Amino acid sequence: DLLRALALLPPPLHWRLTHIGIGPLLDDLKAAAGTLGIADRVRWLGSQSHPAVLDAYRVADIFALPCRVSADGDRDGLPNVLLEAQSQKLPCISTTVSGIPELIDDGATGLLVAPRDPAALAGALSRLVTDPALRARLGDAGYLRATEGFSMNAGADHLAARFAACVPAA
């Protein structure tokens with residue numbers, strides 16, 4: 001879906017995709033980039049160490065993860081990579097699958113599109129590529145959302161408050 005969306009962007013629009021990771025579909029994805037005519041704009045880095053991934057986040061302008069539900073019903077709950085990207089103040093684009101809308105509030109802490117909709121994804125990408133102020137605003141808001149609402153401390157504080165509510169006052 002991401003490759004199809006990128007192929008829909010106007011040719012003069014400046015973008016490059018850095019893909020990190022491996023998997024059984026990697027060769028198919030590389031072939032699709034060639035078929036779509038965008039192979040010269042894609043860097044395939046393969047598996048990387050966590051520090052290298054963090055470095056890649058820090059030099060990126062946008063993080064896109066168009067999640068979907070597979071034919072057998074498999075899906076991500078809330079992908080850790082979205083939290084990691086937001087922790088680096090990257091504006092994120094994803095889809096309305098599973099728990100992702102709990103992290104990304106469309107238009108406030110990132111952008112969300114329907115799954116399997118390359119045209120909508122292309123529109124969201126175009127918005128962010130062409131609007132640095134929007135990227136900065138969403139990156140900052142996403143950072144606050146990820147660090148205040150999804151950090152280990154936030155989770156522990158929430159549990160402590162729930163437990164305290166169950167214990168009678170001394």
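Helices here are DSSP runs of H or I with at least four residues, strands are E runs of at least two, and both are numbered from the N terminus. Keep in mind that this is a predicted model, where local features need pLDDT of at least 70, side-chain atom pairs count only at pLDDT 80 or more, and totals for chains, interfaces and linings use all residues. Residues are numbered from 1 along each chain as its sequence is written, and side-chain values use heavy atoms, with hydrogens and water left out.

Now for α4 itself. Its buried residues (under 20% relative accessible area, 1.4 Å probe, protein chains only) are Leu-82, Leu-83, Ala-85 and Gln-86. They span an arc of only 165° around the axis, so they sit on the same side of α4; the arc is taken from the directions from the helix axis to the C-beta atoms. Among the elements covering them are α3, β3, β4, α5 and α7.

Take α7 next. In contact (heavy atoms within 4.5 Å) are Leu-83, Gln-86 and Ser-87 of α4 with Gly-142, Tyr-143 and Ala-146 of α7.

Helix α6 (118–130) also packs on α7, at about 100° with axes 5 Å apart, so this pair is roughly perpendicular. Here Arg-127, Leu-128, Val-129 and Thr-130 of α6 meet Pro-132, Leu-134, Arg-135 and Leu-138 of α7.

Conventions. Buried means under 20% relative accessible area, exposed over 50%, partly exposed in between (1.4 Å probe, protein chains only). Axes are lines fitted to C-alpha atoms, for helices over the stretch in contact, and angles run from 0 to 180 degrees between N-to-C directions. Angles under 35 degrees count as roughly parallel, over 145 as roughly antiparallel, 65 to 115 as roughly perpendicular and the rest as oblique.
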